[in-house]
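Please keep the viewer open as you read.

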Amino acid sequence: MINRLLIRTRVMQVAYAHYHREQQKLTQAEQELKQSFVRTHDLYLFLLRLIPSLTELHAYRLELRRRKHLATARDLNPNTRLADNALSAQIHNTADLEAWYNAFPLNWQAEEGLLRHLLERIERSELFESYMNAEETNWESDKQFWVDAFHSIIASDLDLAEYLEQQSIYWDDELTATEKIECEEHPAWDQIEEAVEEARQAQQYAAHPLELGAVEIVKDFVVKSLRRATAEDDFSSHLLPLFKDEDDEAFASHLLRQLLLKHTELTELIETHISESWDKERLADLDVLIMSMCIVEFLHFPGIPTHVSINEYVELAKAYSTPKSSSFINGVLDAVARSLKESGRIIKA
(Lines give C-alpha, C1' and ligand atoms only; values in the text may rest on other atoms or scores of the structure.)
Protein backbone atom coordinates (compact mmCIF):
# COMPACT_ATOMS: atom_id res chain seq x y z
CA MET A 1 0.00 0.00 0.00
CA ILE A 2 2.90 2.34 0.75
CA ASN A 3 3.74 3.41 -2.82
CA ARG A 4 6.61 5.57 -4.01
CA LEU A 5 4.58 8.78 -3.71
CA LEU A 6 3.80 8.02 -0.07
CA ILE A 7 7.41 7.04 0.54
CA ARG A 8 8.73 10.32 -0.83
CA THR A 9 6.16 12.29 1.14
CA ARG A 10 6.94 10.55 4.43
CA VAL A 11 10.71 10.79 3.92
CA MET A 12 10.32 14.51 3.23
CA GLN A 13 8.26 15.02 6.40
CA VAL A 14 10.57 12.98 8.63
CA ALA A 15 13.69 14.66 7.24
CA TYR A 16 12.14 18.11 7.62
CA ALA A 17 11.40 17.38 11.29
CA HIS A 18 14.90 15.93 11.75
CA TYR A 19 16.59 19.10 10.46
CA HIS A 20 14.52 21.27 12.80
CA ARG A 21 15.24 19.28 15.94
CA GLU A 22 18.44 19.65 17.87
CA GLN A 23 20.70 16.62 18.29
CA GLN A 24 18.33 14.04 16.84
CA LYS A 25 20.15 10.86 15.86
CA LEU A 26 19.88 9.16 12.49
CA THR A 27 18.51 6.02 14.15
CA GLN A 28 15.68 8.08 15.66
CA ALA A 29 14.73 9.48 12.25
CA GLU A 30 14.80 5.97 10.75
CA GLN A 31 12.56 4.68 13.51
CA GLU A 32 10.18 7.59 13.02
CA LEU A 33 9.98 6.82 9.30
CA LYS A 34 9.09 3.19 10.00
CA GLN A 35 6.49 4.34 12.50
CA SER A 36 4.98 6.72 9.96
CA PHE A 37 4.53 3.86 7.49
CA VAL A 38 2.91 1.60 10.06
CA ARG A 39 0.52 4.35 11.19
CA THR A 40 -0.33 5.16 7.56
CA HIS A 41 -1.26 1.52 6.98
CA ASP A 42 -3.23 1.54 10.24
CA LEU A 43 -5.27 4.45 8.88
CA TYR A 44 -6.08 2.44 5.75
CA LEU A 45 -7.35 -0.51 7.81
CA PHE A 46 -9.16 1.73 10.28
CA LEU A 47 -11.08 3.50 7.53
CA LEU A 48 -12.06 0.19 5.95
CA ARG A 49 -13.43 -0.96 9.30
CA LEU A 50 -15.56 2.20 9.46
CA ILE A 51 -18.01 0.68 6.94
CA PRO A 52 -19.18 -2.24 9.13
CA SER A 53 -19.33 0.11 12.12
CA LEU A 54 -21.69 2.48 10.30
CA THR A 55 -23.78 -0.45 9.09
CA GLU A 56 -24.03 -1.84 12.63
CA LEU A 57 -25.18 1.54 13.95
CA HIS A 58 -27.82 1.75 11.23
CA ALA A 59 -29.10 -1.74 12.11
CA TYR A 60 -29.10 -0.88 15.82
CA ARG A 61 -31.20 2.23 15.18
CA LEU A 62 -33.69 0.20 13.16
CA GLU A 63 -34.01 -2.21 16.06
CA LEU A 64 -34.59 0.61 18.55
CA ARG A 65 -37.40 1.94 16.39
CA ARG A 66 -38.93 -1.51 16.14
CA ARG A 67 -38.99 -1.79 19.93
CA LYS A 68 -40.64 1.58 20.50
CA HIS A 69 -43.78 1.50 22.61
CA LEU A 70 -45.77 3.25 19.90
CA ALA A 71 -43.97 1.81 16.90
CA THR A 72 -45.43 2.60 13.50
CA ALA A 73 -45.92 0.08 10.75
CA ARG A 74 -42.76 1.42 9.14
CA ASP A 75 -40.87 1.00 12.42
CA LEU A 76 -42.06 -2.59 12.73
CA ASN A 77 -41.22 -3.47 9.12
CA PRO A 78 -38.19 -1.35 8.21
CA ASN A 79 -36.24 -1.40 4.98
CA THR A 80 -33.18 -3.49 5.96
CA ARG A 81 -31.31 -3.13 2.68
CA LEU A 82 -28.38 -1.22 4.23
CA ALA A 83 -28.41 -3.33 7.39
CA ASP A 84 -28.05 -6.42 5.18
CA ASN A 85 -25.44 -4.89 2.85
CA ALA A 86 -23.31 -7.75 1.52
CA LEU A 87 -20.05 -5.82 1.15
CA SER A 88 -20.23 -4.52 4.71
CA ALA A 89 -20.84 -8.04 5.97
CA GLN A 90 -17.90 -9.35 3.94
CA ILE A 91 -15.56 -6.74 5.41
CA HIS A 92 -16.83 -7.48 8.93
CA ASN A 93 -16.19 -11.21 8.43
CA THR A 94 -12.60 -10.71 7.27
CA ALA A 95 -10.64 -12.49 10.01
CA ASP A 96 -7.32 -10.69 9.46
CA LEU A 97 -8.96 -7.27 9.56
CA GLU A 98 -11.02 -8.12 12.66
CA ALA A 99 -7.94 -9.43 14.48
CA TRP A 100 -6.09 -6.21 13.71
CA TYR A 101 -9.10 -4.08 14.71
CA ASN A 102 -9.59 -5.86 18.03
CA ALA A 103 -5.94 -5.23 18.93
CA PHE A 104 -5.89 -1.61 17.73
CA PRO A 105 -6.22 1.01 20.51
CA LEU A 106 -8.86 3.05 18.66
CA ASN A 107 -12.42 1.86 18.25
CA TRP A 108 -15.21 3.33 16.12
CA GLN A 109 -17.87 2.29 18.64
CA ALA A 110 -16.27 4.65 21.14
CA GLU A 111 -16.92 7.54 18.74
CA GLU A 112 -20.71 7.30 18.66
CA GLY A 113 -21.16 11.02 18.03
CA LEU A 114 -18.95 10.91 14.94
CA LEU A 115 -20.60 7.70 13.72
CA ARG A 116 -24.06 9.23 14.12
CA HIS A 117 -22.94 12.34 12.25
CA LEU A 118 -21.58 10.32 9.31
CA LEU A 119 -24.58 7.99 9.23
CA GLU A 120 -27.02 10.89 9.26
CA ARG A 121 -25.18 12.53 6.37
CA ILE A 122 -25.41 9.29 4.44
CA GLU A 123 -29.09 8.77 5.27
CA ARG A 124 -29.95 12.31 4.12
CA SER A 125 -28.23 11.85 0.78
CA GLU A 126 -29.82 11.18 -2.60
CA LEU A 127 -27.42 8.24 -2.87
CA PHE A 128 -29.04 6.57 0.16
CA GLU A 129 -32.57 7.27 -1.07
CA SER A 130 -31.81 5.82 -4.48
CA TYR A 131 -30.17 2.73 -3.00
CA MET A 132 -32.93 2.04 -0.50
CA ASN A 133 -35.74 2.55 -3.02
CA ALA A 134 -34.28 0.53 -5.87
CA GLU A 135 -36.54 -2.23 -7.13
CA GLU A 136 -33.94 -4.87 -6.38
CA THR A 137 -30.46 -5.15 -4.94
CA ASN A 138 -27.52 -7.45 -5.56
CA TRP A 139 -23.85 -7.71 -4.72
CA GLU A 140 -22.78 -5.07 -7.22
CA SER A 141 -25.31 -2.50 -6.03
CA ASP A 142 -24.34 -3.18 -2.40
CA LYS A 143 -20.68 -2.64 -3.29
CA GLN A 144 -21.32 0.43 -5.40
CA PHE A 145 -23.29 2.06 -2.60
CA TRP A 146 -20.34 1.96 -0.20
CA VAL A 147 -17.84 2.93 -2.90
CA ASP A 148 -19.90 6.04 -3.66
CA ALA A 149 -20.73 6.78 -0.02
CA PHE A 150 -17.10 6.62 1.04
CA HIS A 151 -15.84 8.63 -1.92
CA SER A 152 -18.46 11.39 -1.95
CA ILE A 153 -19.52 11.66 1.71
CA ILE A 154 -17.15 10.02 4.17
CA ALA A 155 -13.75 10.89 2.66
CA SER A 156 -14.50 14.62 2.48
CA ASP A 157 -16.18 14.96 5.87
CA LEU A 158 -14.53 17.69 7.96
CA ASP A 159 -15.54 16.20 11.31
CA LEU A 160 -13.88 12.93 10.36
CA ALA A 161 -10.76 14.82 9.22
CA GLU A 162 -10.59 16.65 12.55
CA TYR A 163 -10.99 13.42 14.48
CA LEU A 164 -8.21 11.71 12.54
CA GLU A 165 -5.88 14.68 13.08
CA GLN A 166 -6.48 14.45 16.83
CA GLN A 167 -5.61 10.76 16.94
CA SER A 168 -2.23 10.71 15.23
CA ILE A 169 0.39 13.14 14.00
CA TYR A 170 0.75 10.85 10.99
CA TRP A 171 -2.91 11.37 10.03
CA ASP A 172 -2.51 15.08 9.29
CA ASP A 173 -0.56 17.24 6.80
CA GLU A 174 0.63 20.08 9.01
CA LEU A 175 3.86 20.55 7.04
CA THR A 176 1.99 22.34 4.26
CA ALA A 177 0.84 25.26 6.38
CA THR A 178 4.04 25.42 8.41
CA GLU A 179 6.42 25.59 5.46
CA LYS A 180 4.33 27.87 3.29
CA ILE A 181 4.20 30.36 6.13
CA GLU A 182 7.94 30.11 6.66
CA CYS A 183 8.61 30.72 2.98
CA GLU A 184 6.93 34.09 2.97
CA GLU A 185 7.86 37.17 5.07
CA HIS A 186 8.54 35.29 8.33
CA PRO A 187 5.79 36.96 10.41
CA ALA A 188 5.39 36.25 14.12
CA TRP A 189 3.05 33.37 15.00
CA ASP A 190 0.64 35.66 16.85
CA GLN A 191 0.28 37.71 13.64
CA ILE A 192 -0.43 34.56 11.66
CA GLU A 193 -3.04 33.34 14.15
CA GLU A 194 -4.67 36.77 14.23
CA ALA A 195 -4.85 36.96 10.44
CA VAL A 196 -6.30 33.44 10.18
CA GLU A 197 -8.91 34.21 12.83
CA GLU A 198 -9.92 37.42 11.04
CA ALA A 199 -10.32 35.44 7.82
CA ARG A 200 -12.48 32.88 9.61
CA GLN A 201 -14.68 35.60 11.09
CA ALA A 202 -15.18 37.14 7.65
CA GLN A 203 -15.88 33.68 6.19
CA GLN A 204 -12.93 34.13 3.85
CA TYR A 205 -10.95 31.16 5.14
CA ALA A 206 -11.26 27.62 3.83
CA ALA A 207 -9.22 24.50 4.46
CA HIS A 208 -8.89 22.03 1.63
CA PRO A 209 -7.46 18.50 1.75
CA LEU A 210 -4.03 18.18 0.21
CA GLU A 211 -4.53 15.91 -2.81
CA LEU A 212 -0.98 14.55 -2.60
CA GLY A 213 -1.12 14.35 1.20
CA ALA A 214 -0.72 10.95 2.83
CA VAL A 215 -4.22 10.93 4.31
CA GLU A 216 -5.88 11.65 0.96
CA ILE A 217 -3.79 8.96 -0.74
CA VAL A 218 -4.86 6.45 1.91
CA LYS A 219 -8.52 7.31 1.27
CA ASP A 220 -7.97 6.62 -2.42
CA PHE A 221 -6.54 3.20 -1.52
CA VAL A 222 -9.63 2.47 0.57
CA VAL A 223 -11.86 3.19 -2.43
CA LYS A 224 -9.65 1.03 -4.67
CA SER A 225 -9.92 -1.90 -2.25
CA LEU A 226 -13.70 -1.53 -2.10
CA ARG A 227 -13.93 -1.48 -5.90
CA ARG A 228 -11.84 -4.65 -6.22
CA ALA A 229 -14.09 -6.63 -3.88
CA THR A 230 -16.01 -9.52 -5.42
CA ALA A 231 -18.78 -11.76 -4.16
CA GLU A 232 -16.66 -14.87 -4.72
CA ASP A 233 -13.46 -13.86 -2.90
CA ASP A 234 -12.74 -13.29 0.76
CA PHE A 235 -12.11 -9.56 1.30
CA SER A 236 -8.72 -10.40 2.84
CA SER A 237 -7.45 -11.00 -0.69
CA HIS A 238 -8.07 -7.32 -1.41
CA LEU A 239 -6.35 -5.95 1.70
CA LEU A 240 -3.20 -4.12 0.68
CA PRO A 241 0.04 -5.02 2.53
CA LEU A 242 2.25 -2.42 4.18
CA PHE A 243 4.67 -2.49 1.21
CA LYS A 244 4.09 -3.89 -2.26
CA ASP A 245 7.52 -5.54 -2.20
CA GLU A 246 10.95 -5.47 -0.57
CA ASP A 247 12.27 -3.01 -3.17
CA ASP A 248 9.92 -0.27 -1.99
CA GLU A 249 10.88 -0.83 1.65
CA ALA A 250 14.58 -0.69 0.75
CA PHE A 251 13.99 2.43 -1.35
CA ALA A 252 12.47 4.21 1.67
CA SER A 253 15.24 3.42 4.13
CA HIS A 254 18.08 4.10 1.68
CA LEU A 255 16.55 7.40 0.54
CA LEU A 256 16.28 8.71 4.10
CA ARG A 257 19.72 7.49 5.18
CA GLN A 258 21.58 9.00 2.21
CA LEU A 259 19.57 12.21 2.51
CA LEU A 260 20.57 12.75 6.14
CA LEU A 261 24.15 11.49 5.88
CA LYS A 262 24.97 13.60 2.81
CA HIS A 263 23.07 16.73 3.85
CA THR A 264 26.06 19.13 3.61
CA GLU A 265 27.34 17.70 0.33
CA LEU A 266 23.88 17.85 -1.25
CA THR A 267 23.29 21.42 -0.12
CA GLU A 268 26.61 22.55 -1.54
CA LEU A 269 25.85 20.85 -4.85
CA ILE A 270 22.52 22.64 -5.05
CA GLU A 271 24.05 26.02 -4.26
CA THR A 272 26.64 25.66 -7.04
CA HIS A 273 23.80 25.40 -9.57
CA ILE A 274 21.82 28.39 -8.36
CA SER A 275 22.08 31.63 -10.28
CA GLU A 276 24.36 34.24 -8.74
CA SER A 277 21.44 36.68 -8.82
CA TRP A 278 19.50 34.46 -6.43
CA ASP A 279 19.83 35.26 -2.72
CA LYS A 280 20.81 31.90 -1.20
CA GLU A 281 19.82 33.15 2.24
CA ARG A 282 16.20 33.28 1.07
CA LEU A 283 16.26 29.70 -0.20
CA ALA A 284 13.43 27.89 1.57
CA ASP A 285 14.40 24.93 3.72
CA LEU A 286 11.75 22.75 2.13
CA ASP A 287 12.92 23.57 -1.39
CA VAL A 288 16.47 22.53 -0.47
CA LEU A 289 15.12 19.33 1.08
CA ILE A 290 13.04 18.43 -1.98
CA MET A 291 15.97 19.05 -4.33
CA SER A 292 18.30 17.07 -2.06
CA MET A 293 15.96 14.08 -2.15
CA CYS A 294 15.88 14.18 -5.92
CA ILE A 295 19.66 14.32 -6.15
CA VAL A 296 19.90 11.29 -3.86
CA GLU A 297 17.77 9.47 -6.42
CA PHE A 298 20.10 10.66 -9.20
CA LEU A 299 23.13 9.26 -7.39
CA HIS A 300 21.90 6.15 -5.61
CA PHE A 301 19.00 4.71 -7.63
CA PRO A 302 20.28 3.85 -11.13
CA GLY A 303 16.97 2.21 -12.08
CA ILE A 304 15.03 5.49 -11.83
CA PRO A 305 15.53 7.79 -14.86
CA THR A 306 16.46 11.36 -13.94
CA HIS A 307 13.42 12.86 -15.67
CA VAL A 308 11.13 10.60 -13.63
CA SER A 309 12.74 11.75 -10.38
CA ILE A 310 12.54 15.41 -11.41
CA ASN A 311 8.86 15.10 -12.31
CA GLU A 312 8.05 13.42 -8.99
CA TYR A 313 9.74 16.10 -6.91
CA VAL A 314 8.35 18.99 -8.92
CA GLU A 315 4.87 17.61 -8.16
CA LEU A 316 5.82 17.32 -4.49
CA ALA A 317 6.92 20.95 -4.53
CA LYS A 318 3.62 22.03 -6.11
CA ALA A 319 1.76 20.39 -3.23
CA TYR A 320 3.96 21.36 -0.30
CA SER A 321 5.96 24.45 -1.15
CA THR A 322 5.32 27.95 -2.49
CA PRO A 323 3.65 28.66 -5.86
CA LYS A 324 6.94 29.65 -7.49
CA SER A 325 9.00 26.81 -6.03
CA SER A 326 8.14 24.11 -8.57
CA SER A 327 9.53 25.97 -11.60
CA PHE A 328 12.64 27.03 -9.64
CA ILE A 329 13.22 23.46 -8.42
CA ASN A 330 12.70 22.07 -11.92
CA GLY A 331 15.38 24.38 -13.34
CA VAL A 332 17.96 23.64 -10.65
CA LEU A 333 17.42 19.87 -10.80
CA ASP A 334 17.70 19.85 -14.58
CA ALA A 335 21.04 21.68 -14.31
CA VAL A 336 22.31 19.31 -11.60
CA ALA A 337 21.32 16.24 -13.64
CA ARG A 338 23.20 17.52 -16.71
CA SER A 339 26.26 18.29 -14.61
CA LEU A 340 26.31 14.86 -12.95
CA LYS A 341 26.00 13.13 -16.32
CA GLU A 342 28.77 15.22 -17.88
CA SER A 343 31.10 14.44 -14.96
CA GLY A 344 30.31 10.74 -15.15
CA ARG A 345 28.87 10.52 -11.64
CA ILE A 346 25.64 9.15 -13.03
CA ILE A 347 25.07 7.04 -16.16
CA LYS A 348 21.36 6.74 -16.90
CA ALA A 349 18.61 8.31 -18.93
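## Overall fold

Please bear in mind that this is a predicted model. The protein chain has 17 helices and zero strands. Of its 349 residues, 47% are buried.

Among contacts in the chain with a separation of 6 or more, 79% join residues 24 or more positions apart. The accessible surface is about 18,600 Å², and carbon and sulfur atoms account for 48% of that area.

## The nonpolar core

The largest nonpolar core holds 105 residues, and the members touching the most others are Tyr44, Trp108, Trp146, Leu226 and Phe298. Helix H2, spanning residues 26–66, contributes the most to this core, with 14 residues.

Beyond its neighbours within four places in sequence, Leu226 contacts Leu48, Ile51, Leu87, Ile91, Lys143, Trp146, Val147, Phe150 and Phe235.

## Helix H9, face by face

Now turn to helix H9, residues 158–167, where Leu160, Tyr163 and Leu164 are buried. Viewed down the axis of H9, these buried residues lie within an arc of 95 degrees, so they line one face of the helix. On the other side of H9, you will find Leu158 and Gln166 exposed.

What do the buried residues of H9 pack against? Their partners are H2, helix H6 (112–123) and helix H8 (139–154). At the start of H9, Asp157 brings a side-chain oxygen to within 3.0 Å of the backbone nitrogen of Asp159.

Conventions:
Residues are numbered from 1 along each chain as its sequence is written. This is a predicted model: local features need pLDDT of at least 70, side-chain atom pairs count only at pLDDT 80 or more; totals for chains, interfaces and linings use all residues. Side-chain values use heavy atoms; hydrogens and water are left out. Helices (H or I, at least four residues) and strands (E, at least two) are DSSP runs, numbered from the N terminus. Buried means under 20% relative accessible area, exposed over 50%, partly exposed in between (1.4 Å probe, protein chains only). Contact means heavy atoms within 4.5 Å. Accessible areas come from the Shrake-Rupley method with a 1.4 Å probe; for residues, only the protein chains shown count as cover. A nonpolar core is a set of buried Ala, Val, Leu, Ile, Met, Phe, Trp, Tyr and Cys residues joined through side-chain atoms within 4.5 Å. The arc is that of the directions from the helix axis to the C-beta atoms. A polar contact is a pair of N or O atoms within 3.5 Å; within protein, one must be able to donate a hydrogen and the other to accept it, and residues adjacent in sequence count only if both atoms are side-chain atoms.
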